[in-house]
Amino acid sequence: MKQKPWFKFFLLYLGGVTISLSQLKIVPILTTINRNFHLSLSASAWLMSIFTFSAVFLALPGGSIIDKLGPKKLLLGLFGCLILGNFLGIIAHNYFWLLFSRFIEGIPFALIIMVGIVLINKWFPETGSGLATGIWGTFSAAGSLIAMNIFQPLAQKGGLKAPWIFTLCLALLLLILYAYFIESDSTNIQAKQKISFHQQLQPLLKNTRIWTLALAQGAMAFVLYAFITIYPLLFTSFYHLANSQANFLASLFGLFGVPFGLLAGYLMDKFPRHGPVITLTAFILMTLSCLPMLNLQGFASYVLQVFCLSATIMMASSCVMVLVPKTVNSNQLVGYAVSFVNFLYYIGIIIGTPIVTKMIEISWLTACLLLGGVCLLGTISIFIFIILTKRKELNS
């Protein structure tokens, strides 16, 4: 299978979508879960939040884990956790067992992005890595689109635990396919020089370019997950649309972004020397798409704003992930670099929604200015990255 990298990538992408399905399966059936487990809205919100907490704890050590195990063993371990988490969800009879099962499910969510980037750079060492990385960045949006359409009717026909059973079966199938089709790491792990996690992370902490990419990705995540949460509220509370219209517009946010992840990867592959400028353009357009959120006029403008913001956020995120492996000097450091960038990405997810919703309590204008300011922070970070890259090229 060494000659079929795109087939292996297809299996990897299905795995990313499956993890996204596992994460989001409770959203369409949250009302039913609350009723069956007698939960308040704040209690059920933890069933989603616990995913991100797993990611924050595991993001930084992720590079060390993949260095010790190799990408294939780690991938198999992640899907073992996904199967276990969904099995525990099936047999959970109270809220705390269900919450614990969600924490176990969150482990693959914490590390799958890093594993994917490492495998992509292994399978596409010369050409194609940009396009594959761009496509890889869309698995969450694809999973969201599927989850919102299949899990509610599935639960209605097969019972509340049917989404857990479906995800478990899919994860089990992929585990078998990964074991058979994905080759083991050819490097003798025992022969690697034994270097501590701190020693591996130290050069990255001194790498200013990695910091700028991490800050940009954290800013992007802050804005992305804030809008995922506030879009229905924006269209109902500020623009006074019906709930059905607001939910439809919010659902477009994930749908529109998918093709632009592919476009970002294609452009980064086609024009590798101009990758930083393409990334900067995406962040500038993201900022310009965010700022008019309170000055829209009519349904067509609502759709246009959702389209522009979704497209530019997906392009910005994909471009950053293409640049990350190119900022380190060895393939062994790629996992550590992605782990560090993902750490700030998950921090952005955690703090984005609560801070922005708190600003909305002050005023919508305050929230808009905050979101625009965070977009601008990401843009400035990429601008600094370009300056540092030019300086490095001149000195080399």
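**Helical fold, burial and salt bridges in a predicted model**

At 8% relative accessibility, Val 17 counts as buried, because the cut-off for burial is under 20%. The structure described here is a predicted model. Val 17 is part of helix H1, which covers residues 5–24. Leaving aside neighbours within four places in sequence, the residues in contact with Val 17 are Phe 139, Ala 142, Gly 143 and Ile 146. Between Val 17 and Ala 55 the separation in sequence is 38 residues, and the C-alpha to C-alpha distance is 17 Å.

The secondary structure of the chain consists of 16 helices and 0 strands. The radius of gyration is 21 Å, close to the 21 Å given by the globule rule for 396 residues, so the chain is as compact as a globular protein of that length. The C-alpha trace spans about 55 × 50 × 35 Å along its principal axes. Of the 396 residues in the chain, 55% are buried. Contacts were also considered by sequence separation: among those between residues at least 6 apart in sequence, 83% join residues at least 24 apart.

The surface and the charges of the chain were examined next. The chain exposes about 17700 Å², and 68% of this area is supplied by carbon and sulfur atoms. Its side chains include 23 that are positive and 8 that are negative. The centres of these two sets lie 3 Å apart.

The number of salt bridges in the model comes to 4. One of them is formed by Glu 183 and Lys 8, whose closest N and O atoms are 3.0 Å apart. Glu 183 lies in the loop between helix H9 (162–181) and helix H10 (197–205), whereas Lys 8 lies in helix H1, so this pair ties together parts that are 175 residues apart in sequence. Lys 8 has a relative accessibility of 1% and therefore counts as buried. Helix H1 thus holds both Lys 8 and Val 17.

A salt bridge also links the side chains of Arg 102 and Glu 105, with an N to O distance of 3.5 Å. The two residues are 3 apart in helix H6 (residues 95–123), so about one helical turn separates them.

Glu 361 has a relative accessibility of 62% and so counts as exposed. Elsewhere in the chain, salt bridges with shared partners join Lys 25, Arg 102 and Glu 105 into one network.

A backbone feature was found at His 240. This residue is not glycine, yet its phi is positive, near 60 degrees. His 240 belongs to the loop that runs between helix H11 (208–238) and helix H12 (243–270). Its relative accessibility is 63%, and His 240 therefore counts as exposed.

How values were computed. Residues are numbered from 1 along each chain as its sequence is written. This is a predicted model: local features need pLDDT of at least 70, side-chain atom pairs count only at pLDDT 80 or more; totals for chains, interfaces and linings use all residues. Side-chain values use heavy atoms; hydrogens and water are left out. Helices (H or I, at least four residues) and strands (E, at least two) are DSSP runs, numbered from the N terminus. The radius of gyration is taken over C-alpha atoms; the globule rule is 2.2 Å times the number of residues to the power 0.38. Buried means under 20% relative accessible area, exposed over 50%, partly exposed in between (1.4 Å probe, protein chains only). Contact means heavy atoms within 4.5 Å. Accessible areas come from the Shrake-Rupley method with a 1.4 Å probe; for residues, only the protein chains shown count as cover. Lys and Arg count as positive and Asp and Glu as negative; His and the chain ends are not counted. The place of a charge is taken as NZ of Lys, CZ of Arg, CG of Asp or CD of Glu.
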